Amino acid sequence: MSSSKLNPMSGDPAWLTPENLAGLGTVELRARLLIEGLSVGQHRSPLRGLSLEFAEHRPYTPGDDLRHLDWKAYGKSDRLYLKRHHQETNVDLMLLVDASGSMAYRSEGAVWSKFTGASTLAVALAMLAHQQHDRSGFATFGQDSAHELGMSSARQQWRLTARVLDQAQPSSRAPAEPSSADDLSKAVVRLGARLRRRSIVVILSDFFDDPTAIRSALARLKFAGHDVLLLQLIDPAERDFPFRRSTEFEGLEGEGRLPVEPAALRESYRRVFAEHLESLGRAAASLGFDHLTLATDEPLLPVLRECLSLRAGFASRRG
(Lines give C-alpha, C1' and ligand atoms only; values in the text may rest on other atoms or scores of the structure.)
Protein backbone atom coordinates (compact mmCIF):
# COMPACT_ATOMS: atom_id res chain seq x y z
CA MET A 1 0.00 0.00 0.00
CA SER A 2 1.38 3.40 -0.85
CA SER A 3 1.88 5.79 2.03
CA SER A 4 -0.43 8.28 0.31
CA LYS A 5 -3.37 5.87 0.89
CA LEU A 6 -2.75 5.64 4.62
CA ASN A 7 -4.58 7.84 7.06
CA PRO A 8 -2.05 10.13 8.72
CA MET A 9 -4.36 10.78 11.68
CA SER A 10 -4.36 7.05 12.50
CA GLY A 11 -0.72 7.38 13.52
CA ASP A 12 0.19 4.48 11.22
CA PRO A 13 4.02 4.24 11.44
CA ALA A 14 4.16 3.48 7.69
CA TRP A 15 2.89 6.99 7.00
CA LEU A 16 5.39 8.70 9.29
CA THR A 17 8.20 9.07 6.78
CA PRO A 18 10.32 12.22 6.83
CA GLU A 19 8.79 13.14 3.46
CA ASN A 20 5.21 13.01 4.79
CA LEU A 21 6.01 14.71 8.10
CA ALA A 22 7.88 17.48 6.32
CA GLY A 23 4.69 18.31 4.41
CA LEU A 24 2.86 19.22 7.62
CA GLY A 25 2.66 22.87 8.51
CA THR A 26 3.71 22.97 12.15
CA VAL A 27 6.09 21.23 14.50
CA GLU A 28 3.16 20.66 16.88
CA LEU A 29 1.27 18.56 14.34
CA ARG A 30 4.38 16.57 13.38
CA ALA A 31 5.11 15.79 17.02
CA ARG A 32 1.51 14.83 17.76
CA LEU A 33 1.44 12.33 14.88
CA LEU A 34 4.77 10.90 15.99
CA ILE A 35 3.36 10.22 19.45
CA GLU A 36 0.31 8.56 17.90
CA GLY A 37 2.64 6.41 15.82
CA LEU A 38 4.54 5.45 18.94
CA SER A 39 1.41 3.89 20.40
CA VAL A 40 0.24 2.01 17.30
CA GLY A 41 1.02 -1.69 17.36
CA GLN A 42 1.98 -1.78 21.02
CA HIS A 43 -0.03 -3.88 23.45
CA ARG A 44 0.64 -1.36 26.17
CA SER A 45 0.83 2.27 25.28
CA PRO A 46 3.92 4.04 26.60
CA LEU A 47 1.63 6.98 27.26
CA ARG A 48 -0.84 5.11 29.42
CA GLY A 49 1.30 2.57 31.19
CA LEU A 50 1.64 4.37 34.48
CA SER A 51 0.43 2.86 37.69
CA LEU A 52 -1.56 5.34 39.71
CA GLU A 53 -0.83 3.86 43.12
CA PHE A 54 -0.25 6.73 45.53
CA ALA A 55 3.35 7.08 46.70
CA GLU A 56 3.97 10.45 48.37
CA HIS A 57 3.29 14.16 48.48
CA ARG A 58 5.63 16.89 47.39
CA PRO A 59 5.26 20.66 47.83
CA TYR A 60 3.65 22.59 44.99
CA THR A 61 5.92 24.84 42.94
CA PRO A 62 4.76 27.41 40.36
CA GLY A 63 4.28 25.75 36.98
CA ASP A 64 3.10 22.40 38.35
CA ASP A 65 -0.06 20.90 36.92
CA LEU A 66 -2.93 22.00 39.17
CA ARG A 67 -4.82 18.78 38.42
CA HIS A 68 -2.50 16.90 40.77
CA LEU A 69 -3.07 19.12 43.80
CA ASP A 70 -4.29 17.27 46.89
CA TRP A 71 -7.12 19.46 48.15
CA LYS A 72 -7.71 17.26 51.20
CA ALA A 73 -4.13 17.83 52.30
CA TYR A 74 -4.64 21.56 51.68
CA GLY A 75 -7.74 21.53 53.92
CA LYS A 76 -5.78 19.93 56.76
CA SER A 77 -2.49 21.81 56.50
CA ASP A 78 -3.32 25.00 54.58
CA ARG A 79 -0.39 24.19 52.31
CA LEU A 80 -0.39 23.08 48.68
CA TYR A 81 0.92 19.59 47.95
CA LEU A 82 0.94 17.47 44.82
CA LYS A 83 0.12 13.77 44.85
CA ARG A 84 2.80 11.57 43.36
CA HIS A 85 2.37 7.96 42.34
CA HIS A 86 4.53 4.91 41.91
CA GLN A 87 6.14 4.84 38.46
CA GLU A 88 5.72 8.60 38.28
CA THR A 89 9.37 9.40 37.94
CA ASN A 90 10.88 12.14 39.96
CA VAL A 91 12.54 13.33 36.79
CA ASP A 92 12.74 16.70 35.12
CA LEU A 93 13.41 16.69 31.38
CA MET A 94 15.49 19.57 30.02
CA LEU A 95 15.64 19.94 26.24
CA LEU A 96 18.61 21.87 24.91
CA VAL A 97 18.21 22.60 21.21
CA ASP A 98 21.01 23.90 18.97
CA ALA A 99 19.71 26.80 16.86
CA SER A 100 23.06 27.83 15.36
CA GLY A 101 23.40 28.53 11.65
CA SER A 102 24.68 25.08 10.71
CA MET A 103 21.43 23.54 11.95
CA ALA A 104 19.63 25.28 9.07
CA TYR A 105 21.52 23.21 6.52
CA ARG A 106 19.44 21.03 4.24
CA SER A 107 21.06 19.31 1.27
CA GLU A 108 19.22 18.29 -1.89
CA GLY A 109 18.92 14.73 -0.57
CA ALA A 110 17.27 15.73 2.70
CA VAL A 111 13.59 16.53 3.15
CA TRP A 112 14.14 18.88 6.06
CA SER A 113 16.85 20.72 7.91
CA LYS A 114 18.63 19.43 11.00
CA PHE A 115 16.81 22.06 13.06
CA THR A 116 13.40 20.90 11.83
CA GLY A 117 14.19 17.31 12.76
CA ALA A 118 15.55 18.39 16.16
CA SER A 119 12.50 20.59 16.84
CA THR A 120 10.08 17.79 16.02
CA LEU A 121 11.84 15.35 18.33
CA ALA A 122 12.11 17.93 21.11
CA VAL A 123 8.39 18.69 21.05
CA ALA A 124 7.53 14.97 20.91
CA LEU A 125 9.69 14.39 24.01
CA ALA A 126 8.06 17.34 25.80
CA MET A 127 4.64 15.88 24.95
CA LEU A 128 5.67 12.49 26.33
CA ALA A 129 6.92 14.15 29.52
CA HIS A 130 3.55 15.80 29.98
CA GLN A 131 1.71 12.52 29.36
CA GLN A 132 3.81 10.88 32.07
CA HIS A 133 3.33 13.75 34.55
CA ASP A 134 6.98 14.78 34.36
CA ARG A 135 8.11 18.36 34.13
CA SER A 136 9.92 19.59 31.05
CA GLY A 137 11.90 22.70 30.24
CA PHE A 138 13.48 23.97 27.10
CA ALA A 139 16.27 26.27 25.92
CA THR A 140 18.06 27.02 22.67
CA PHE A 141 21.71 27.86 22.19
CA GLY A 142 23.80 29.01 19.24
CA GLN A 143 21.77 32.17 18.64
CA ASP A 144 22.41 35.71 19.77
CA SER A 145 19.16 35.59 21.75
CA ALA A 146 18.34 32.30 23.44
CA HIS A 147 14.76 31.09 23.78
CA GLU A 148 13.84 29.48 27.08
CA LEU A 149 10.92 27.92 28.93
CA GLY A 150 11.17 27.07 32.61
CA MET A 151 10.33 23.65 34.05
CA SER A 152 6.65 22.86 34.17
CA SER A 153 4.30 19.91 33.99
CA ALA A 154 1.42 22.12 32.90
CA ARG A 155 -0.76 20.92 30.05
CA GLN A 156 0.27 23.71 27.71
CA GLN A 157 4.02 23.25 28.21
CA TRP A 158 4.68 21.10 25.15
CA ARG A 159 2.52 23.37 23.00
CA LEU A 160 4.49 26.40 24.20
CA THR A 161 7.68 24.50 23.33
CA ALA A 162 6.33 23.90 19.82
CA ARG A 163 5.32 27.53 19.42
CA VAL A 164 8.70 28.84 20.50
CA LEU A 165 10.60 26.42 18.26
CA ASP A 166 8.45 27.38 15.29
CA GLN A 167 9.68 30.95 15.84
CA ALA A 168 13.31 30.13 16.70
CA GLN A 169 14.55 29.34 13.23
CA PRO A 170 18.37 29.36 12.90
CA SER A 171 19.90 31.87 10.55
CA SER A 172 23.28 32.04 8.85
CA ARG A 173 25.79 34.78 9.62
CA ALA A 174 28.04 36.81 7.33
CA PRO A 175 31.84 36.53 7.91
CA ALA A 176 32.19 40.05 9.30
CA GLU A 177 29.05 39.89 11.38
CA PRO A 178 29.82 39.84 15.13
CA SER A 179 28.22 37.15 17.26
CA SER A 180 27.26 37.00 20.91
CA ALA A 181 25.69 33.57 20.58
CA ASP A 182 26.13 31.02 23.34
CA ASP A 183 27.99 27.86 22.36
CA LEU A 184 27.25 24.61 24.17
CA SER A 185 29.70 25.38 26.98
CA LYS A 186 28.09 28.73 27.78
CA ALA A 187 24.62 27.24 27.45
CA VAL A 188 25.49 24.53 29.98
CA VAL A 189 26.81 27.12 32.45
CA ARG A 190 23.60 29.11 32.03
CA LEU A 191 21.56 25.95 32.44
CA GLY A 192 23.38 24.96 35.62
CA ALA A 193 21.95 27.93 37.46
CA ARG A 194 18.41 26.95 36.50
CA LEU A 195 18.29 23.22 37.20
CA ARG A 196 17.45 22.91 40.88
CA ARG A 197 17.35 19.11 41.00
CA ARG A 198 18.73 16.16 39.08
CA SER A 199 17.40 16.11 35.55
CA ILE A 200 17.60 14.31 32.26
CA VAL A 201 19.18 16.70 29.78
CA VAL A 202 18.63 15.91 26.10
CA ILE A 203 20.92 17.91 23.81
CA LEU A 204 19.80 18.04 20.17
CA SER A 205 22.59 19.35 17.97
CA ASP A 206 24.91 18.57 15.09
CA PHE A 207 27.77 18.99 17.60
CA PHE A 208 30.01 20.72 15.07
CA ASP A 209 32.39 21.88 17.75
CA ASP A 210 35.67 20.83 19.33
CA PRO A 211 35.08 17.43 21.04
CA THR A 212 37.30 18.53 23.93
CA ALA A 213 35.11 21.59 24.54
CA ILE A 214 31.98 19.45 24.25
CA ARG A 215 33.34 16.97 26.79
CA SER A 216 34.15 19.79 29.22
CA ALA A 217 30.58 21.03 28.96
CA LEU A 218 29.21 17.53 29.50
CA ALA A 219 31.49 17.04 32.51
CA ARG A 220 29.78 20.01 34.18
CA LEU A 221 26.44 18.28 33.80
CA LYS A 222 27.91 15.04 35.13
CA PHE A 223 29.34 16.81 38.16
CA ALA A 224 25.90 18.30 38.88
CA GLY A 225 24.39 14.80 38.85
CA HIS A 226 22.38 15.04 35.64
CA ASP A 227 21.87 12.28 33.09
CA VAL A 228 22.52 13.35 29.52
CA LEU A 229 21.49 12.09 26.11
CA LEU A 230 23.29 13.51 23.07
CA LEU A 231 21.06 13.34 20.02
CA GLN A 232 23.18 14.23 17.01
CA LEU A 233 21.44 15.39 13.82
CA ILE A 234 23.34 14.77 10.56
CA ASP A 235 22.51 15.75 7.02
CA PRO A 236 23.13 12.87 4.57
CA ALA A 237 25.43 15.08 2.50
CA GLU A 238 27.54 15.78 5.58
CA ARG A 239 27.83 12.04 6.11
CA ASP A 240 28.39 10.90 2.49
CA PHE A 241 30.02 13.97 0.88
CA PRO A 242 28.40 13.20 -2.52
CA PHE A 243 29.55 16.41 -4.24
CA ARG A 244 31.12 15.98 -7.68
CA ARG A 245 31.73 19.38 -9.23
CA SER A 246 34.20 22.02 -8.11
CA THR A 247 32.34 24.61 -6.13
CA GLU A 248 32.49 27.13 -3.31
CA PHE A 249 31.38 25.94 0.10
CA GLU A 250 29.91 28.60 2.34
CA GLY A 251 30.12 28.44 6.13
CA LEU A 252 26.77 29.17 7.79
CA GLU A 253 28.29 30.61 10.95
CA GLY A 254 30.55 33.30 9.56
CA GLU A 255 33.34 31.10 8.18
CA GLY A 256 33.09 32.65 4.72
CA ARG A 257 33.46 30.91 1.33
CA LEU A 258 36.03 28.32 0.38
CA PRO A 259 36.64 26.94 -3.14
CA VAL A 260 36.77 23.14 -2.99
CA GLU A 261 37.60 20.31 -5.38
CA PRO A 262 35.41 17.53 -3.87
CA ALA A 263 37.24 14.60 -5.47
CA ALA A 264 40.50 15.67 -3.84
CA LEU A 265 38.93 16.02 -0.40
CA ARG A 266 36.35 13.23 -0.27
CA GLU A 267 38.33 10.51 1.46
CA SER A 268 40.01 12.87 3.92
CA TYR A 269 36.68 14.52 4.71
CA ARG A 270 34.95 11.18 5.37
CA ARG A 271 37.80 10.06 7.60
CA VAL A 272 37.76 13.27 9.66
CA PHE A 273 33.96 13.18 9.90
CA ALA A 274 34.01 9.56 11.12
CA GLU A 275 36.72 10.43 13.64
CA HIS A 276 34.61 13.31 14.93
CA LEU A 277 31.62 11.01 15.47
CA GLU A 278 33.81 8.49 17.26
CA SER A 279 35.33 11.20 19.46
CA LEU A 280 31.90 12.43 20.45
CA GLY A 281 30.72 8.90 21.22
CA ARG A 282 33.80 8.25 23.35
CA ALA A 283 33.36 11.54 25.22
CA ALA A 284 29.74 10.65 26.02
CA ALA A 285 30.60 7.07 27.03
CA SER A 286 33.46 8.20 29.27
CA LEU A 287 30.93 10.13 31.36
CA GLY A 288 28.28 7.41 31.32
CA PHE A 289 26.07 9.31 28.87
CA ASP A 290 24.32 8.06 25.74
CA HIS A 291 24.90 9.23 22.18
CA LEU A 292 22.44 8.67 19.33
CA THR A 293 22.78 9.83 15.73
CA LEU A 294 19.96 10.58 13.32
CA ALA A 295 20.34 11.48 9.65
CA THR A 296 17.70 13.83 8.30
CA ASP A 297 16.66 11.34 5.62
CA GLU A 298 15.82 8.71 8.26
CA PRO A 299 12.47 8.18 10.07
CA LEU A 300 12.13 9.70 13.54
CA LEU A 301 10.06 6.98 15.15
CA PRO A 302 12.91 4.46 15.81
CA VAL A 303 15.09 7.07 17.50
CA LEU A 304 12.13 8.26 19.57
CA ARG A 305 11.57 4.67 20.73
CA GLU A 306 15.24 4.43 21.63
CA CYS A 307 14.95 7.65 23.65
CA LEU A 308 12.10 6.08 25.61
CA SER A 309 14.15 2.98 26.25
CA LEU A 310 17.06 5.07 27.51
CA ARG A 311 14.66 7.08 29.64
CA ALA A 312 13.58 3.87 31.37
CA GLY A 313 17.27 3.19 32.01
CA PHE A 314 17.70 6.63 33.56
CA ALA A 315 14.74 6.04 35.87
CA SER A 316 16.07 2.63 36.87
CA ARG A 317 19.51 4.08 37.73
CA ARG A 318 17.83 6.63 39.93
CA GLY A 319 15.88 3.93 41.75
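**Helix packing and loop positions**

Analyst: In this predicted model, L184, S185, V188, V189 and L191 of helix 6 come into contact with A213, I214, A217, R220 and L221 of helix 7.

User: How do the residues of the contact of helix 6 with helix 7 divide into nonpolar, polar and charged?

Analyst: The helix 6 side of this contact consists of L184, S185, V188, V189 and L191, and the helix 7 side consists of A213, I214, A217, R220 and L221. Sorted by class, these residues divide into 8 nonpolar, 1 polar and 1 charged.

User: Are helix 6 and helix 7 roughly parallel or roughly antiparallel to each other?

Analyst: The axes of helix 6, residues 184-192, and helix 7 come within 9 Å and cross at roughly 10°. Angles under 35 degrees count as roughly parallel. Helix 6 and helix 7 are therefore roughly parallel.

User: Helix 7 also meets helix 9; what is the class make-up of the contact of helix 7 with helix 9?

Analyst: The axes of helix 7 and helix 9, the latter spanning residues 262-286, come within 10 Å and cross at roughly 20°, which means that helix 7 is roughly parallel to helix 9. The crossing of these two helices is right-handed. On the helix 7 side the contact involves P211, I214 and R215, which meet H276, S279, L280, A283 and S286 of helix 9. By class, the residues of this contact are 4 nonpolar, 3 polar and 1 charged.

User: Are helix 4 and helix 5 roughly parallel or roughly antiparallel to each other?

Analyst: The axes of helix 4, residues 114-131, and helix 5, residues 157-167, come within 8 Å, and they cross at roughly 165°. An angle over 145 degrees counts as roughly antiparallel. Helix 4 and helix 5 are therefore roughly antiparallel.

User: How many nonpolar, polar and charged residues does the contact of helix 4 with helix 5 have?

Analyst: Helix 4 and helix 5 pass each other in a right-handed crossing. Helix 4 contributes F115, S119, A122, V123, A126, M127 and H130, while helix 5 contributes W158, T161, A162 and L165. In terms of class, the contact of helix 4 with helix 5 has 8 nonpolar residues, 3 polar residues and no charged residues.

User: Turning to the loops, is H226 buried or exposed?

Analyst: H226 sits in the loop between helix 7, residues 211-223, and strand 7, residues 227-234. Not counting residues up to four places away in sequence, H226 touches L195, R197, R198, S199, V201, L221 and F289. The relative accessible area of H226 is 5%, and the cut-off for a buried residue is under 20%. H226 is therefore buried.

User: Which residue has its backbone nitrogen 3.0 Å from a polar atom of the side chain of H226?

Analyst: The residues that H226 touches, apart from those up to four places away in sequence, include L195, R197, R198 and S199. The backbone nitrogen that lies 3.0 Å from a polar atom of the H226 side chain belongs to S199.

User: What is the separation of the C-alpha atoms of H68 and H133?

Analyst: H68 is in the loop between strand 1 and helix 3, and it is buried, with a relative accessible area of 18%. Leaving aside neighbours within four places in sequence, H68 is in contact with Y81, L82, K83 and H133. Although H68 and H133 are 65 residues apart along the chain, their C-alpha atoms are separated by 9.1 Å.

User: Which residues is D70 in contact with, leaving aside its neighbours within four places in sequence?

Analyst: D70 is found in the loop between strand 1, residues 54-59, and helix 3, residues 71-77. At 10% relative accessibility, D70 counts as buried. Leaving aside neighbours within four places in sequence, the residues in contact with D70 are H57, Y81 and K83.

User: How far apart in space are A110 and E298, C-alpha to C-alpha?

Analyst: A110 lies in the loop between strand 3, residues 92-98, and helix 4, and at 3% relative accessibility it counts as buried. Beyond its neighbours within four places in sequence, A110 is in contact with D235, P236 and T296. A110 and E298 are 188 residues apart in sequence, and their distance in space, C-alpha to C-alpha, is 9.1 Å.

Definitions and conventions: Residues are numbered from 1 along each chain as its sequence is written. This is a predicted model: local features need pLDDT of at least 70, side-chain atom pairs count only at pLDDT 80 or more; totals for chains, interfaces and linings use all residues. Side-chain values use heavy atoms; hydrogens and water are left out. Helices (H or I, at least four residues) and strands (E, at least two) are DSSP runs, numbered from the N terminus. Buried means under 20% relative accessible area, exposed over 50%, partly exposed in between (1.4 Å probe, protein chains only). A polar contact is a pair of N or O atoms within 3.5 Å; within protein, one must be able to donate a hydrogen and the other to accept it, and residues adjacent in sequence count only if both atoms are side-chain atoms. Contact means heavy atoms within 4.5 Å. Axes are lines fitted to C-alpha atoms, for helices over the stretch in contact, and angles run from 0 to 180 degrees between N-to-C directions. Angles under 35 degrees count as roughly parallel, over 145 as roughly antiparallel, 65 to 115 as roughly perpendicular and the rest as oblique. A crossing is left-handed if the near helix is turned anticlockwise from the far one by less than a right angle, and right-handed if clockwise. Ala, Val, Leu, Ile, Met, Phe, Trp, Tyr, Cys and Pro count as nonpolar, Asp, Glu, Lys and Arg as charged, and the others, Gly among them, as polar.
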